[in-house]
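Dear colleague,

Please find below the structure that I am handing over to you. My notes on it follow.

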Amino acid sequence: EANHWLVHEHRYERMGAPFTRLVLDAASVARADRTLDVGCGTGSTTCAAARVAADGQALGVDQAASPT
């Protein structure tokens, strides 16, 4: 699963990009917040949350199986 996400990372990033600001606004992420991005995929939303929560923290987790 992880290999698929890595190979197609740019495609998934482009698909999700229009929604990132909407998600962060809906979650009311602020400068000092601590955020948890569950199912973060390649992590672009987590990185965007970290930029907004510059004085806080952002953690992204995903359960895709690692390649062996």
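How many helices and strands does the secondary structure of the protein come to? There are 3 helices and 2 strands, and from the N terminus on the elements run α-α-β-α-β. Helices (H or I, at least four residues) and strands (E, at least two) are DSSP runs, numbered from the N terminus.

This is a predicted model, in which local features need pLDDT of at least 70 and side-chain atom pairs count only at pLDDT 80 or more, while totals for chains, interfaces and linings use all residues. Residues are numbered from 1 along each chain as its sequence is written, and side-chain values use heavy atoms, with hydrogens and water left out.

Taken along the principal axes, the C-alpha atoms fill a box of roughly 40 × 25 × 15 Å. Of the 68 residues, 18% are buried (under 20% relative accessible area, with exposed over 50% and partly exposed in between; 1.4 Å probe, protein chains only). Among contacts (heavy atoms within 4.5 Å) with a separation of 6 or more, 44% are between residues 24 or more positions apart.

One residue deserves a separate note. Asp37 lies in strand β1, residues 34-38. Asp37 is buried yet has no salt bridge (a side-chain nitrogen of Lys or Arg within 4 Å of a carboxyl oxygen of Asp or Glu). The nearest side chain of opposite charge, Arg51, is 11 Å away; here Lys and Arg count as positive and Asp and Glu as negative, with His and the chain ends not counted. Leaving aside residues up to four places away in sequence, Asp37 touches Thr45, Thr46, Leu59, Gly60 and Val61.

With kind regards
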